[in-house]
Amino acid sequence: MNRLVDRLNWQSTLFSGAIPKRVELASLNVSWDCSTQRIRIHRNHSFEHIASIMQPYFTYSGWYGDFIYSEYDDSLGWAGINSQQSVVLEIIWLDFDRHSDFLDPNELFKWFSQRLQFLRQLTTNPILIASWISEQYNTDDFNQQLTNLSNELPGIWVYDRSLVWQELAGKYFDRRAAKLTGTNLSDRACILHGRELACRWLPDLLQPRIKGILVDLDRTLYEGVLGEDGVDGVILTDAHRALQVELLRLQQTGLFLAIVSRNEWLDVEQLFRNRPDFPLQLGHFSAFAVNWQDKAENVQAIAAQIRVSPDSLLFIDDNLGEICTVARQYPGLGSILAMSAGDTLAALSWYPGVWSSGLTATDALRVHDLKMSVSRELALKQAEDFQEYLSGLGIQLTFDINPWEQLKRLAELSAKTNQFNLSLGRWNAVALESALGSDDYCVVSVALQDRLSDSGVIGLVIGQYNEEMLLLKEVCISCRALGRKLEDIILAQSIQILLAQQEKLIVAAAYQKAERNSPALQWLQHHSSDHLDTRDGIGFLRPELIHLDLSLYPIQRIVRDLTGANSI
Amino acid sequence: MTEINVQENVMQIFSTMLGAAVDMGTSRINMPAWNSLKHMEIMFAIEEQFDIQFSELELSELDSLSEIVNALSGKYAT
């Protein structure tokens, strides 16, 4: 409970709308256990003043950043890259001005891209490169080329520093202290970069993004209490409007919104019907728990409704007691104590796991897809049998073999899928690229659409061919595709595709037991002759699944072999 | 702000940034935690708190708590 209360107390310091103060951040002392994440910094100027800002943000999220620094190395020799230390992220933090006395920007980019490609071969870790900010040189072309390169090479991202540069205007650099700090950056620039990296980039690269936001109504989305002030009495201040607009924007990036509120449902319905000035309307929410029941139970009910774990959700409420009660039950649930609307907006803006560096077409499909799941459930209830249900939905499954162009989406699927993920292998783009180019592996992606929605790519199966066996190293199905009873069909077809590439007598699947992947484990247990009683291992699959007669199901199945197409 | 307030504020910043108790006799010689990295972060925190700016020389040469308090008092006096 101390951790929860401390975290809520830290909220106003960490996630303020103003520039955080270094001394206030330093006053946030650790009072709970944190896991260590090791990050390697390749640099030619100091990063330490940024790292010290990041630590309290990491602590808030339950981890400790162990930074390993290169020497101040203009030549990018990547020293220490082969050490045995397990590193989760490589950050390239360079002052490219230092190279520009010797190389023009085009030559500089050519040289840097060669060094970067060499680093890419040395490690499978994600690589984050800070863009070039300069008072002396025009860096536009260089930064654009850098972005283009990051789109071509797997597992590479560019941190655009220009937002901080613009926010600080003329106060980005501080030459006065450069000899002592080892960098030209001002302290404010270090603070803002530290916050940006700790709240946005590192959670985005190292953790799954949150999947939904649960919001209270009274004194959170508007000023006042609906039950007392009435529909016309509650006030939408400018700050509340801004908060609602931001929630709406986040919904459009694929986050589910849900209402968890102690109110009467009829009042809530009337509120949204009669307040067209509210940017958020009922249709923007994917689930509701408007009643007088325990909020922890309501959180569980909503999580089940939108098919995610409570750990993937963020709960915003103005009642400290409610937050504590819910968090006691679900320690992994994120929470924001709604104070003023402006503070809540700032907290939402900086809350780790909310921001995303790159939104895919699939993100935009997510909310609509879930909405349609209600219609699908109704169809299942009304259908006389499973065949009629499938037939009515008009399901189309597209199986792509070795789809290089889907590399980023598949890495995202592997990183973010928690419930139907057998081995939790968390294959990043580099590891996937290696599998795509290997004769010992075959990668199958699965896209799903029906007459209600296009779900995009929802499945990933990676097969490894051993002497006599096909081993499924990775089996992921997005939670959006669950509940349609398609798991057997998707996986039987994938296995048959993999066996058509290389015939094997035995098929097994690797698994790892974790808190959240019980749907996948239950599926494997159902189809395996083995008892899955160890923490991890493999389960041999029964012939009934492997040779399932797929022609019996009224589903359109398309198989495309993309091996070799557009390989990098 | 009085000289006593300046002193109290500076001591508070030091103890927070260094995570240790300090007094007016604290200097970079007798406080190992006050390394060059911490030194700059402390000086920046003081600048932010008092809304002043140290010169390049002051940033490098003020290396005891009493010297910093004196420099700050001087800035307020002017």
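User: How do I read the radius of gyration of chain B against that of a compact globule of 78 residues?

Analyst: Compare the two values. This is a predicted model, and in it chain B has a radius of gyration of 11 Å, while a compact globule with 78 residues would have one near 12 Å, so the two agree. The box along the principal axes is roughly 35 × 25 × 20 Å for the C-alpha atoms of chain B.

User: What is the secondary structure of chain B made of?

Analyst: Chain B has four helices and zero strands. Going along the sequence, you get the pattern α-α-α-α.

User: And how much of chain B is buried?

Analyst: Buried residues account for 42% of the 78 residues in chain B. Its accessible surface is about 4,000 Å², with 49% of that belonging to carbon and sulfur atoms. For the contacts, take pairs of residues in chain B at least 6 apart in sequence: 49% of those contacts join residues at least 24 apart.

User: What ipTM and pTM does the predictor give the complex?

Analyst: The complex gets an ipTM of 0.91 and a pTM of 0.84 from the predictor.

User: On to chain A. How many helices and strands are there?

Analyst: Chain A has 21 helices and 18 strands. Its radius of gyration is 25 Å, close to the 24 Å from the globule rule for 568 residues, so chain A is as compact as a globular protein of that length. The C-alpha trace of chain A spans about 75 × 70 × 40 Å along its principal axes.

User: What share of the residues in chain A is buried, then?

Analyst: In chain A, 57% of the 568 residues are buried. Chain A exposes about 23,700 Å², and carbon and sulfur atoms supply 48% of that. As for contacts between residues at least 6 apart in sequence, 74% of those in chain A join residues at least 24 apart.

User: Let's go down to single residues. Where does Q406(A) lie, and is it buried or exposed?

Analyst: Q406(A) sits in the loop between β11 (396–401) and α17 (407–416) of chain A. The cut-off for buried is under 20% relative accessible area, and Q406(A) has 15%, so it is buried. Setting aside neighbours within four places in sequence, Q406(A) is in contact with D400(A), S445(A) and V457(A).

User: What about A415(A): which helix is it in, and what does it touch?

Analyst: A415(A) lies in helix α17 of chain A. Its relative accessibility is 34%, so A415(A) counts as partly exposed. Not counting residues up to four places away in sequence, A415(A) touches P208(A) and R426(A). There's also a pair to look up in the model: A415(A) and K211(A) are 204 residues apart in sequence and 13 Å apart in space, C-alpha to C-alpha.

User: You mentioned R426(A). What is its phi?

Analyst: Phi of R426(A) is near 50 degrees, a positive value in a residue other than glycine. R426(A) is in the loop between β12 (420–421) and α18 (429–436) of chain A. With a relative accessible area of 33%, R426(A) is partly exposed.

User: What is phi for W78(A), and is W78(A) buried or exposed?

Analyst: W78(A) has phi near 55 degrees, again a positive value in a residue other than glycine. W78(A) is in the loop between β2 (63–72) and β3 (89–93) of chain A. Its relative accessible area is 3%, so W78(A) is buried.

Note on methods: Residues are numbered from 1 along each chain as its sequence is written. Chains are lettered from A and ligands numbered from 1 in the order in which they are written. This is a predicted model: local features need pLDDT of at least 70, side-chain atom pairs count only at pLDDT 80 or more; totals for chains, interfaces and linings use all residues. Side-chain values use heavy atoms; hydrogens and water are left out. Helices (H or I, at least four residues) and strands (E, at least two) are DSSP runs, numbered from the N terminus. The radius of gyration is taken over C-alpha atoms; the globule rule is 2.2 Å times the number of residues to the power 0.38. Buried means under 20% relative accessible area, exposed over 50%, partly exposed in between (1.4 Å probe, protein chains only). Contact means heavy atoms within 4.5 Å. Accessible areas come from the Shrake-Rupley method with a 1.4 Å probe; for residues, only the protein chains shown count as cover.
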